[in-house]
Amino acid sequence: LSWDESIYFEFSDGLRKWGREGFSLKPSEMVPVWHFQRVHDPHPPFLKILPAISASLVSSPFPLNYRIGHLLETSCFLGISFSLLALDFGLISAFFAMGFVLLQPRLFHELLVATLDGTMLAGWLLMALLSWRIANAERGRGVLWLLFFFVHAILTVSKLTGFFVIFPVLFYFFLQKKLRSLVYAGLAIVSSLLFLVLLSPAYWTSPLAGISSYLLYPLMRFRFVNVVTFYLGSVYGESLPWHAFFVYSLSTLPPLLMPLILCSAWARKDPARRSLLFALLPFVAFWIAVGIAPRTPKNDGVRQFVAFFPFLGLLAWMGWEALGKQFRNTPVLWASGFAILLIHAISLIRVHPLEQSYYNFWVGGLQGAERMGLEIVYDFSALNAEALDWLNKEVPLNSVLTIQPSWQPVLATYQRKGLLRPDFRVPDYPDDSAGARIFLHRKGMVPEVAYQSGISVYEKKIENVSIFKVVKKF
């Protein structure tokens, strides 16, 4: 489970219970179900409605049954993006384009785990390509606009980051002098916010206050939630230095993409690629501006701005094609493309399923990142089926389980869903009575002294760097 999925799935279970009891519209019965707590669950309910539906319809093992709706949604977004590229550049070229996008370990992790941010990155990519096609298509704009309105509405009711995609879109249409498109994009803002109210019963009694809360609370969340991050050897709160955006981006981007991104300037020579290049730049500029701005979330490494990375992948693809065309040899171009994708796939497989711990060789891999004082792990992907199986087999009956950083709901959720033995005792907060103490090597939240103390009976390492272990008291 990722960090807040326990809270999201609990929300989904509440919706399922509400449905089984008849979908009552009485405020006393409906409001408690749809009200979401602001600390760990500040996002609109759409991506909690999907798990409620999929978990009710699909009998797959937990948590796949809760994630399958997200996976289908992001797959559709990516599939449409592939189709839009294939219309102009052909199937083979579009295949390479999506390969350059998807085989980035940090990005791949968000998609595979079906996080909110995975939906954001797929949706941002699709919105950029739809905007490009709308601005340049000679026919079929009606269908493209319907998709545009639909996708923006879905992104808006998923996370505020999804609503913000409209700003680089507006800037792009303005640069292209597409006044009618600017009007339609403005209408998309209105329709998406109306859809937000419709899908959020907590907003029904006061829609304007609900919209205001949706737009403003995430921007002021740092006042209420202090998410700390270990960066260049120091612990920071929500506001990291401006250069954190560049350090994290350059250290986690697959290294072969970097020189190819620079070569994308050559794509200007081809009219079709030039139009796409100019369509992508407003989105790249938006994320750079947000990334270096003060008080913008930069915790959890690149997670908060992972929607930036698909555009880097497309720029690298354009640079690769432009560089290859200088040699005028298509077989060599394709062979080099497969070689690049193979290298990226091997890098991804080496860290799977812990792609959030990936760092490229420019910083010396994970060992180099640790020496630099960067955070080496973020969520609970290491507490996977293998680790849970070990706990169930090796930890004595009635033992108290705790986890650090302190997030006991992840253990409670695993136990409630039958993945941890029912005899384990999971307190609300960690204490010294724990028979087995689970540690995630998140340096910003777990002091190094605490992580290194005790007798380790189970440990996971990547590149000889410890990222997760169990300390016994039994």
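**Notebook: cavities, a pocket and helix packing**

I noted that the second largest cavity holds about 30 Å³ of space. The model is predicted: local features need pLDDT of at least 70, side-chain atom pairs count only at pLDDT 80 or more, and totals for chains, interfaces and linings use all residues. Residues are numbered from 1 along each chain as its sequence is written, and side-chain values use heavy atoms, with hydrogens and water left out.

**Cavities**

I took a cavity to be a set of points, on a 1 Å grid over the protein atoms alone, where a 1.4 Å probe fits but cannot get out; lining residues have an atom within 4 Å of a point. A volume is the space filled by probe spheres set on the points, which are joined across faces, edges and corners.

I searched the whole structure and found two cavities of 30 Å³ or more. For the second largest cavity I listed His109, Pro353, Leu354, Glu355, Gln356, Ser357, Val377, Asp379 and Ser381 as the lining. By class I recorded three nonpolar, four polar and two charged residues there. In this scheme Ala, Val, Leu, Ile, Met, Phe, Trp, Tyr, Cys and Pro are nonpolar, Asp, Glu, Lys and Arg are charged, and the others, Gly among them, are polar.

The largest cavity contains about 40 Å³. I found its lining to be Arg106, Glu110, Asp300, Gly301, Val302, Arg303, Gln356 and Tyr378. That lining has two nonpolar, two polar and four charged residues.

**Second largest pocket**

A pocket is an open set of points with protein on both sides within 12 Å along at least five of seven lines. I looked up the second largest pocket and noted a volume of about 440 Å³. It is lined by 21 residues, of which Leu1, Arg67, Ser381, Asn384 and Ala385 are the closest to its centre. Helix 6 (105–112) and helix 19 (385–394) are the elements that give two or more residues to the lining. Helix 19 supplies the largest share, four residues. I counted the lining by class as 12 nonpolar, six polar and three charged.

**Helix packing**

Helices are DSSP runs (H or I, at least four residues), numbered from the N terminus. Axes are lines fitted to C-alpha atoms over the stretch in contact, with angles from 0 to 180 degrees between N-to-C directions. Contact means heavy atoms within 4.5 Å.

I found helix 4 (residues 64–89) and helix 7 packed at about 30 degrees, their axes 9 Å apart. Helix 4 is therefore roughly parallel to helix 7, a term for angles under 35 degrees. Their contact includes Phe77 and Leu84 of helix 4, and Leu126 and Trp132 of helix 7. The residues of this contact divide into 13 nonpolar, five polar and three charged.

I then turned to helix 7 (residues 116–136) and helix 15 (residues 271–292), whose axes come within 10 Å and cross at roughly 135 degrees. Trp124 and Trp132 of helix 7 are among the contact residues, as are Phe283 and Trp287 of helix 15.

Last, I examined helix 1 (residues 5–20) and helix 20 (residues 409–416), which pack at about 45 degrees with axes 9 Å apart. Helix 1 is thus oblique to helix 20. Ser6, Glu10 and Asp13 of helix 1 meet Pro409, Val410, Thr413 and Arg416 of helix 20. I classed these contact residues as two nonpolar, two polar and three charged.

Key:
Parallel < 35°, antiparallel > 145°, perpendicular 65-115°, else oblique.
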